Amino acid sequence: MARWEGNTRGRLERAALDLFTEQGYDRTTVAEIARRAGLTERSFYRWYTDKREALFGGGQELEELLVAAVAEVPEGTAPLDTLLRAFTKAPEVFRPREFLRARAAVIAASPPLRERELIKTASMSAALKKALENRGHPPASARLATDAAMAIVRVAGERWAADESADYETLLRAAERELRAIVCP
């Protein structure tokens, strides 16, 4: 096995995505993922607790980046604006668009993966809400701003992944304008 080669996590993520796409999530084993990546099962488990996690690599990194970015926004900025400024940094840790499109299709086809995605999204929302509260925003305002920001980000992210030439921040601002137009017509 070529365990000394670099980018172990990336190779495991790619192998898992390819296998999930080819034969389905339920029919893919950790052994197959490791073999496809040129690694051992033991190497797989150094990076991930189970095969679902191979599709959610980078989630913790994104959460940490966003929480840190919230702290960098100037004091006195409204909670939704704070989160949207923080989210402009998200592309720094995004996977390639083609990977994200394939990942979305695999997740949509698998109830356990959809459930895991909801859990990961809820965890990120809770961390961002806490980051806003740490800045002095009331819990109710922090919750509402976080929920609105996550809706904006979901729409912008889907559009960004679908369009190779799209700029994420431009799409983020467009989705924000759409939400504000719906709420305040």
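Phe94 is partly exposed in this predicted model, with a relative accessibility of 25%.

Now for the rings themselves. A pair of aromatic rings is described by the distance of the centres and the angle of the planes. The model has six aromatic pairs. Two of them are set out here:

| Pair | Centre to centre | Angle between planes | Geometry |
|---|---|---|---|
| Phe44 and Tyr48 | 5.5 Å | 50 degrees | tilted |
| Phe94 and Tyr168 | 5.2 Å | 85 degrees | edge-to-face |

Phe94 and Tyr168 make an edge-to-face pair because their planes sit 85 degrees apart, and the label applies over 60. This pair bridges distant parts of the chain, with the two residues 74 residues apart. Phe94 belongs to the loop between helix H5 (79-87) and helix H6 (97-108), while Tyr168 is in helix H9 (residues 168-183).

Back to the other pair in the table. Phe44 and Tyr48 are tilted, at 50 degrees between the planes. Phe44 is buried, with a relative accessible area of 0%. Tyr48 is buried too, at 6% relative accessibility. So both residues fall under the 20% cut-off for buried. Ring pairs also bring in Tyr45, making a cluster of Phe44, Tyr45 and Tyr48.

One more ring has a charged neighbour: Lys51 sits over the face of Tyr25, 4.3 Å from the ring centre.

Note on methods
Residues are numbered from 1 along each chain as its sequence is written. This is a predicted model: local features need pLDDT of at least 70, side-chain atom pairs count only at pLDDT 80 or more; totals for chains, interfaces and linings use all residues. Side-chain values use heavy atoms; hydrogens and water are left out. Rings of Phe, Tyr and Trp (its six-membered ring) pair if their centres lie within 6.5 Å; planes under 30 degrees apart count as stacked, over 60 as edge-to-face and the rest as tilted. Buried means under 20% relative accessible area, exposed over 50%, partly exposed in between (1.4 Å probe, protein chains only). Helices (H or I, at least four residues) and strands (E, at least two) are DSSP runs, numbered from the N terminus. A charge sits over a ring if NZ of Lys or CZ of Arg is within 6 Å of the ring centre and within 35 degrees of the ring normal.
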